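Hi there,

Here is the structure I promised to pass on to you. Have a look at it first, and then read on for what turned up.

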Amino acid sequence: MRKLAVIILLTIIFLLTSCSKNGENTSLMQLPADYTLEDAKSGNCVVFENGDITHGQSTWDDFITATDDSKPSIVRLAYYYTLGDPSKYSKDLYQEIKDDYPVLYITDLTFDGKKYIIKGIEDGKLISKEYKYLMKYEGQPKSPTAIFSEYTYYVLVNDNTVTWDDIEHGISSSQFGDYIDHYQVYSDLVLK
């Protein structure tokens with residue numbers, strides 16, 4: 001029993017030291033202001049650029065394998081967004097938001113053996129939220145104008161009977177009570 005506790009502790013320490021600048025064990029609140037997309041990639045984060053995974057698939061797969069076996073695990077996620085084509089924005093809006101991009105958000109997803117905890121920084125404060133389930137959704141977009149033909153999403157929810165269609169409906173509905181609390185942590189898109 002004691003040996004198992006030591007192995008779990010060493011695993012957690014290893015995972016905590018991954019995905020940090022210069023290999024240091026860095027909490028979200030202590031990440032340097034100049035932490036970059038390249039730092040995230042070299043630190044073995046699971047990286048999503050403009051909503052699609054671009055780095056760290058094996059790290060994600062290891063996290064899923066551990067959680068499927070009910071083993072505690074942690075993974076650091078990096079979400080990087082750019083504006084893309086300026087012609088897709090009104091001139092006024094583009095001028096207003098252009099200096100805010102690119103932007104990089106870093107979150108930690110932890111599984112403690114029973115529940116999932118997502119942590120991130122919002123307005124300089126550490127925000128943490130718990131969910132019971134990590135659901136995998138795969139399919140094709142409903143819209144024929146979507147830029148992708150297939151998707152794979154992993155989404156944190158508290159009801160394991162919720163479908164991706166239920167979540168999408170809740171996002172777009174104006175009816176009180178239709179929104180389903182969720183947190184999308186992973187997306188892999190097959191682009192057209």
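Does Arg76 count as buried or exposed? Arg76 counts as buried, because its relative accessibility is 7% and the cut-off for buried is under 20%. Please keep in mind that this is a predicted model.

Arg76 also has a partner: it forms a salt bridge with Asp108, and their closest N and O atoms are 2.6 Å apart. This pair links distant parts of the chain, as Asp108 sits in strand E4 (residues 103–111) and Arg76 in strand E3 (residues 73–81), 32 residues apart. Asp108 is buried as well, with a relative accessible area of 10%.

Side chains of opposite charge can pair when their charged atoms come close.

One joins Asp112 and Lys115, with the closest N and O atoms 2.5 Å apart. Here Asp112 is partly exposed at a relative accessible area of 33%, and Lys115 is partly exposed at 27% relative accessibility.

The other is between Asp165 and Lys142, whose closest N and O atoms are 3.5 Å apart. Asp165 belongs to helix H5 (residues 164–172), while Lys142 is in the loop between strand E7 (133–139) and strand E8 (148–157), so this pair ties together parts that are 23 residues apart in sequence. Asp165 counts as partly exposed at 42% relative accessibility, whereas Lys142 is exposed, with a relative accessible area of 62%.

Enjoy exploring!

Best wishes

Technical notes
Residues are numbered from 1 along each chain as its sequence is written. This is a predicted model: local features need pLDDT of at least 70, side-chain atom pairs count only at pLDDT 80 or more; totals for chains, interfaces and linings use all residues. Side-chain values use heavy atoms; hydrogens and water are left out. A salt bridge is a side-chain nitrogen of Lys or Arg within 4 Å of a carboxyl oxygen of Asp or Glu. Helices (H or I, at least four residues) and strands (E, at least two) are DSSP runs, numbered from the N terminus. Buried means under 20% relative accessible area, exposed over 50%, partly exposed in between (1.4 Å probe, protein chains only).
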